[in-house]
Structures are given as C-alpha cells and as structure tokens.
2 protein chains.
Amino acid sequence: MNPGIDIIKTYLQTLQDAICLEIERLDGKSFTEDSWQRPEGGGGRSRVLRHGQVVEKGGVNFSHVYGEVPEFLRKESPTASRFDATGVSLVLHPQNPHIPLIHMNVRYFQTDAGDWWFGGGIDLTPAYPVESQVAWFFDQLKEVCDGFDTSWFAGMKAECDRYFYIPHRYEMRGVGGIFYDHQRAGKGFDKVQLFDFMQAVGNRFNSIYRYMVTQNRDKSWTEQEKFWQKIRRGRYAEFNLVYDRGTIFGLRTNGRTESILMSLPPEAIWEYDYVPQPGSPEALALGFFQPRDYLL
Amino acid sequence: MNPGIDIIKTYLQTLQDAICLEIERLDGKSFTEDSWQRPEGGGGRSRVLRHGQVVEKGGVNFSHVYGEVPEFLRKESPTASRFDATGVSLVLHPQNPHIPLIHMNVRYFQTDAGDWWFGGGIDLTPAYPVESQVAWFFDQLKEVCDGFDTSWFAGMKAECDRYFYIPHRYEMRGVGGIFYDHQRAGKGFDKVQLFDFMQAVGNRFNSIYRYMVTQNRDKSWTEQEKFWQKIRRGRYAEFNLVYDRGTIFGLRTNGRTESILMSLPPEAIWEYDYVPQPGSPEALALGFFQPRDYLL
C-alpha cells in the first residue's frame, strides 16, 4: 500500500518532535511553539529556540498546507486543481562560531491529479570548517544515500553545490551537503522506498548535529571569530533573500512571513569589501566554500 | 543646447564631492575611495565611511557605465544598440538610532537611438520618526518639486510610498520621500529643465541631512533603542535584497557586488516574531511606516 499524506504527515510531526527533543537535550533550553493556520487551507507548528547555550537562534518548522494549485505548480501538474504540501524545515544558528550552522528540509507534494514527489536535503555552513568534520559529514550523507542507490550521493551533492551557490559572491553559502527535488517513482523505486529515503535523511539529522555540537562546543572564541561568523551570516541572508526558491516563493505568495524568515540570522554584519588576511583562518575557510570532494 | 552625458556626469561627480565634504564636516571622519572599472565599459568611484561619529556605515557612489544595451533595456529602447547610465547613489546608516537612515539617488540614462530619461529620489528611514521632522523633510521635497510643477510632489511621493513598500511585512521601509523614473521631455519640460530638476534634488541633500543630524545627534540612546534600530535595519536588508530593482538587477548582471551591497546595514538583527509593546515608542514608530500625509 502506498503511503498517503496522513502517514507522511504523521512521520514529519514525529520527526519534528524527535529533533526538538535532541536539540533541547544538547542545549539545555527549550523551544517555544507557535501554531498557525493558513487562510487558504492547512497550517503548521513553528518551534523557535532563542539565546540557548548552543543555539543562538534556531527554528524547527512542521507545516502541512493545501488548497487550490498555485500558479507555480501549474506547469508541473497541468491537470491538477488541488494540492497538498507537507514538510519539516530547520535552521540552527549556533552561538559558538566553531559550531557549524546547519539546515535540513524534507518535504512531500501531491496533487489531486495523482502526481506526487519528494524533496529535501541537509547542508552545513561552518564559519570555520574543519576538514575532518566536513569529510565525516559527507560520509554520513553518502551512507544514507548508498542504502538506496550508490549513484545518488554524487548527484545529490552536485545538486546541492549548484543550489547553494551565491553567484554575486562567487562562493557557496557553506560547504554544501545533499539536495534533491521532484523525486518520483521510477528507476526501480516505488513510493514506499522514496518515503523510506525521506525518513533515512530525516532520522540521520540528530546524530549529525550531536557530532557537530560535541566536537566543537568546548572551543572558546575570540571577537574576530564572532565577527567572521556574522560576516558569513550576512552571506546566508543574501542567499536566502535573493536566491532561495522557497523563501522567495513564500514571501511573494502570502506565506507566513515569520516562519519563512525564521532562517535569517540572529545578528549579521555587512562590512564593505572585507577580505580576510592571506593565510588567516578566515582565508582558509573561504577555500571550503567552493565545490570539492571530501569523503574520508 | 541640450546637456549631454559629459555635462551631466561632471555635475554628478561634483555632487558626490560636495556631499562627501558635508558628511565629513558633520562626522569628523573621512571617506575612503575605491575606483573601479567595469569590464564591459565604464566604472565608478565608491566612497565609504565606517565607524564615524555620526555615520556607522555610509556609502556615496558615483558611476558611469556604458556599452551594449542589456536585455532589460531592450523593451524600453528597441532600436538602440548602446547605452550610457550615470548616477550618484548614497545610503547613510547612522550610529545613533535617533538619526534617520537616509537614501538618495539621482541618475540619467541615454541610448544611441536618441532616447534618454532621468530618475531619482530621496527617502528617509528613521527608527524613531519625529513627526515635526518628517513634516519638515516633506516640506523640503515639496519646495524642490514645486519649483518645477506643483503637481509633481504628490505624484512622486505616492510613487515612493509604492516603491519602498515591503509586502510581506505590510509596511514601508521607512517614512518615504519622493521617487521618480523615466522622466522624459514633454508636458512643457525640456531636457535642460529636467537636468535642472536633477540638480535641485541633488543639491538639496546636504541641508536635509545637516538638519537631521543636528536635530538628533545629541540625543543619548538605550540598548533597546539600538536593538530596534537593528531590527529596522533587518527590514531594510529585506527590502533591498528581495525587492529593490537596482540591487537585483545589479547582482544578476555581474555588477560590482561591493558597491551594490554597500547599502546593506553594518549590523542587523532578525528576532523571531518581534512585536513592540502596545504604546511603546517602537509601536508608535510602526504607525509611521504606512503611507500618510505629513506637510507642515
């Protein structure tokens, strides 16, 4: 039996709970929750953690919206009149510049014309990338992908490198990760298996984040390191506001602004023409923000 | 004789000098200059002032770029093959939350098909608007416009209210000002007079900014007031990155990123679902960020 919207939605709510619990355990501080409704149909649960020990600002959102097919979906599903979209999306901005900023999203769309697809991804934005940690991160993602098809990881990593690129800066938002979209049945995979993949990605989040936090949380930081973190957060805001499809679509179609912009950094800096000193840790960091291979 | 590109350009360079001198006089700190060239033709002088007494981050840019007509101009001038664009653009982010952030731009386009137009505007973004000062500001702009045509002010104010609106916030970026574009000869005005208007707008800047600085520079501020200023700067960044035509066009067509993004705030804050206390100065400020009439 194919998993329907109710089963997928239930999984996603459980995932939101499990991730929030793990973050609260790592942080010591609790999330606050806002439930919201969309006038045209559906709604969500936005959970936010502010001024924690680990997380300076973090959001873990679940949403399920439905209604008439909007303009942007008409091209994909010309015969559909109604749609469902559900997903979990999270962004965690750390206090400590040595803990990477992390983003994950898993989502599912369907229309009443019988069309459906999955999408998602995880990507990492460290201010000070540590090569062994980045390699470990990609190893985790490869393991998840290889459980399904050994060709997936390379393609989804390349897709991520492309998606999170900031053309006007000639650099990526961070070190990348995996990204996939419009994942439909075919090539030997049915809906059950693709739903399994969504769960494999979502369920891997906690161990990845736990590793990143425990490896880096005891490092002290300087003013210069906090400054550089805020510079990188400026780039994050630039990407999300200028290029991110979800953000732009949400803002231009009357989505819930506070949930859409929850991804924006708590504090960001724009310094005119800031170029790190050659050989400095910041200059070395920049070298990571170009597509490359990392596997252990 | 009609003013050509050389005369307009010379005026704009002189304007940049005069404005920078006045700001340096008010601030005590000097601008640093970067000259840059555009591979496809032309270039500019970017001037930046950082960590001043008055200006936390400010930029006053002159540019003159030319070359083959880009895609976006083809609709306006279908028979043209080459264009010139020149202008002065400035944004001043103040240290003191009681001094308004200010933006001005005056610009001129022409093509080799004989088509040309002027555009520009001044608008004000106070974190804590003072009604009498806002009224004085609009009075100044009305006086400039009325020297040409008494119908201009109302139209240009309405255009500004529309342009600097942030739909996803249901509010304006600030209190507005005047904005005009595609100003061509006609309705009794020739090129000499429209160039005069550009100069009238540009030359009024110094007295407006001097007034705003001297009225507010001696006010002390609290942490809460600095916080609110940074929240409003977040909105400024949202507008510029999501909606501003010049910014988006520049970023997507390989403009000089650092000059385009000079307008971004030195430090901004995004606080999840921040709503000012009813009756607080911040709540009162919000009331100013909707279109209204102010004249003294």
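**The axes of H3(A) and helix H5 (residues 191-216) of chain A come within 10 Å and cross at roughly 165 degrees.** The model is predicted: local features need pLDDT of at least 70, side-chain atom pairs count only at pLDDT 80 or more, and totals for chains, interfaces and linings use all residues. Residues are numbered from 1 along each chain as its sequence is written, while chains are lettered from A and ligands numbered from 1 in the order in which they are written. Helices (H or I, at least four residues) and strands (E, at least two) are DSSP runs numbered from the N terminus. Axes are lines fitted to C-alpha atoms, for helices over the stretch in contact, and angles run from 0 to 180 degrees between N-to-C directions. H3(A) and H5(A) are therefore roughly antiparallel to each other; angles under 35 degrees count as roughly parallel, over 145 as roughly antiparallel, 65 to 115 as roughly perpendicular and the rest as oblique. H3(A) contributes A:Gln133, A:Trp136, A:Phe137, A:Gln140 and A:Val144 to the contact, and H5(A) contributes A:Ala200, A:Val201, A:Arg204, A:Ile208, A:Tyr211, A:Met212 and A:Gln215. Residues are in contact if their C-beta atoms, placed from the backbone, lie within 7 Å. By class, the contact residues of H3(A) with H5(A) are eight nonpolar, three polar and one charged. Ala, Val, Leu, Ile, Met, Phe, Trp, Tyr, Cys and Pro count as nonpolar, Asp, Glu, Lys and Arg as charged, and the others, Gly among them, as polar.

**Helix H3 (residues 131-146) of chain A also meets helix H4 (residues 152-163) of chain A, with axes that come within 8 Å and cross at roughly 130 degrees.** H3(A) and H4(A) are therefore oblique to each other. H3(A) passes H4(A) in a right-handed crossing. On H3(A) the contact is made by A:Leu141, A:Lys142, A:Cys145 and A:Asp146, and on H4(A) by A:Trp152, A:Phe153 and A:Met156. Five residues of the contact of H3(A) with H4(A) are nonpolar, none is polar and two are charged.

**Seven strands of chain A form an open sheet in the order S1-S2-S3-S4-S5-S6-S9, with antiparallel pairing.** S1 and strand S9 (176-183) of chain A stand at the edges with a single partner strand each, so one side of each is left without a neighbour in the sheet. From one strand to the next the twist averages 5 degrees. Two strands pair if DSSP finds at least two bridges between them. H5(A) lies across strand S4 (82-94), strand S5 (101-111), strand S6 (116-125) and S9 of chain A, and runs at about 165 degrees to S5(A).

**Two hairpins of chain A join S1(A) to S2(A) and S2(A) to S3(A).** Strand S1 (residues 32-37) and strand S2 (residues 42-50) of chain A pair in the antiparallel sense over six bridges, and A:Glu33 stands opposite A:Arg47 in S2(A). The hairpin of S1(A) and S2(A) has four residues between the strands, and A:Gly41 takes a positive phi near 135 degrees. S2(A) and strand S3 (residues 55-68) of chain A pair in the antiparallel sense over nine bridges. Here A:Leu49 stands opposite A:Gly58 in S3(A), and the bridge partner of A:Val48 in S3(A) is A:Gly59. In the hairpin of S2(A) and S3(A), with four residues between the strands, A:His51 takes a positive phi near 55 degrees.

**Strand S5 (residues 101-111) and strand S6 (residues 116-125) of chain B pair in the antiparallel sense over 10 bridges.** B:Asn105 stands opposite B:Gly121 in S6(B). Both strands belong to an open sheet of seven strands of chain B, ordered S1-S2-S3-S4-S5-S6-S9, whose pairing is antiparallel. Strand S1 (32-37) and strand S9 (176-183) of chain B stand at the edges, each with a single partner strand, so one side of each is left without a neighbour in the sheet.

**The contact between the chains takes 24 residues from chain B and 24 residues from chain A.** Strand S2 (42-50), helix H6 (223-242), helix H8 (257-260) and strand S10 (267-269) of chain B each supply at least two residues of the side of chain B that touches chain A. H6(B) gives the most to that side of chain B, with four residues. The residues of the side of chain B that touches chain A divide into 14 nonpolar, three polar and seven charged. Strand S10 (residues 267-269) of chain A and S10(B) pair in the antiparallel sense over three bridges, and A:Ile269 stands opposite B:Glu267 in S10(B).

How values were computed
Left-handed = near helix turned anticlockwise from the far one by under 90°. Contact = placed C-beta atoms within 7 Å.
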